[in-house]
Amino acid sequence: VIACARGSRWQWALSIVAEGRTNEIPLDTPCYNAALSACANASRWSEAVALLDALRAQNQRLDAISFNACISASGHSKLWQRALDMLGTMQREIVAPTIVTYNSLLHTFF
């Protein structure tokens, strides 16, 4: 999945995650984060948010990297409202924002 993120192959990354879930292969947060990053790199914010919701549904631990990828995906699509909403969600879920979080938010405005 990491190779897919680096190569901007978001469809492959999502396919691998879906295949893992279908075959009941346990996927950890870093695996999901790599798929989230692939979506972010391709400006696929809706897919990133859906994947974040899947993480929640499977009781996976969400971390700053998970949220940062969604914020970045929103930013690439110039959806600053969604990026700010994601920051609010981070705060409600007690996930500490990082410098990457704030940088990604700033990029949504430019």
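Is arginine 56 buried, partly exposed or exposed? Partly exposed, with a relative accessible area of 28%. Buried would mean under 20%, exposed over 50%, and partly exposed is what lies in between, using a 1.4 Å probe and protein chains only.

Some ground rules. This is a predicted model, where local features need pLDDT of at least 70, side-chain atom pairs count only at pLDDT 80 or more, and totals for chains, interfaces and linings use all residues. Residues are numbered from 1 along each chain as its sequence is written, and side-chain values use heavy atoms, with hydrogens and water left out.

Back to arginine 56. Helices here are DSSP runs of H or I, at least four residues, numbered from the N terminus.

What does arginine 56 touch, leaving out residues up to four places away in sequence? Leu62, Phe67, Thr89 and Glu93. Contact means heavy atoms within 4.5 Å. Phenylalanine 109 is 53 residues from arginine 56 in sequence, and 28 Å from it in space, C-alpha to C-alpha.

Now the helix pair. H3 spans residues 29–41, H4 residues 45–57. They pack at about 165 degrees, axes 9 Å apart. Axes are lines fitted to C-alpha atoms over the stretch in contact, and angles run from 0 to 180 degrees between N-to-C directions. On the H3 side, the contact is made by Thr29, Tyr32, Ala35, Leu36 and Cys39. H4 supplies Glu47, Ala48, Leu51, Leu52 and Leu55.

Terms used: Helix = DSSP H or I, 4+ residues; strand = E, 2+ residues; numbered from the N terminus.
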